[in-house]
Amino acid sequence: MGHRETSEFVRVAEIDVERREGDGEKARDLATTLVAELEADRSSFRAPQLRAVALSASAMATLRYDEVAAAAYLRRAVVEARRSRDMPIAAIVATAFASVAAQDGDLELAARRLGATRQIRGADDLGNCDAITLADSLADALGRDRFEVLFAEGAGLSREDALALAVPEEGAGEGEVSG
């Protein structure tokens, strides 16, 4: 990975830090700028993994301000994740879809999608703060036992079915983020 790609991954991390620290507007602005730069520079090589991660982070940062933009970012993240054939990257996109389901109030779908990320990745992602935070909030909201049953349902799917549930082929619909 070159200096440019490393710098872009650092910018994705900055978006996530700003969002987690509560500065959603700054995170959204950073995300909008990064995506615009990635889209403008189509002539140079960009790994689909970078694009998928950047688009997922941008969707998470934008969701509470502009659901249409967040949906567009997630649709593009799905395309890039599937193009990359990189299952840990697909699991990051799946976590974003699980978060969206939770925000939309479909906590059971969120728990199943979060479980599906385990099957997609092949293991739990112990370094994904969004997945950890979401799991804790879903367990609190649903009750630990119910959450564990739903999570296990998602984790017990075949990889193909887990991808279909958690990283919908068509992504989110226009103007709506649930998929």
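Modeller: The side chains of Asp125 and Arg121 form a salt bridge, 3.8 Å from N to O. This is a predicted model, where local features need pLDDT of at least 70 and side-chain atom pairs count only at pLDDT 80 or more, while totals for chains, interfaces and linings use all residues. Residues are numbered from 1 along each chain as its sequence is written, and side-chain values use heavy atoms, leaving out hydrogens and water.

Biologist: Why is the pair Asp125 and Arg121 called a salt bridge?

Modeller: The term needs a side-chain nitrogen of Lys or Arg within 4 Å of a carboxyl oxygen of Asp or Glu. Asp125 and Arg121 are at 3.8 Å, so the pair qualifies.

Biologist: What makes Asp125 buried, partly exposed or exposed?

Modeller: Buried means under 20% relative accessible area, exposed over 50%, and partly exposed in between (1.4 Å probe, protein chains only). Asp125 has 22%, so Asp125 is partly exposed. Arg121, at 30%, is therefore partly exposed as well.

Biologist: How do you know that Asp29 and Arg28 form a salt bridge?

Modeller: Their closest N and O atoms are 3.4 Å apart, and the limit is 4 Å.

Biologist: Which residues are linked in a network of salt bridges?

Modeller: Asp16, Arg19, Arg20 and Asp130 are.

Biologist: How many salt bridges are found in the whole structure?

Modeller: The search finds 13.
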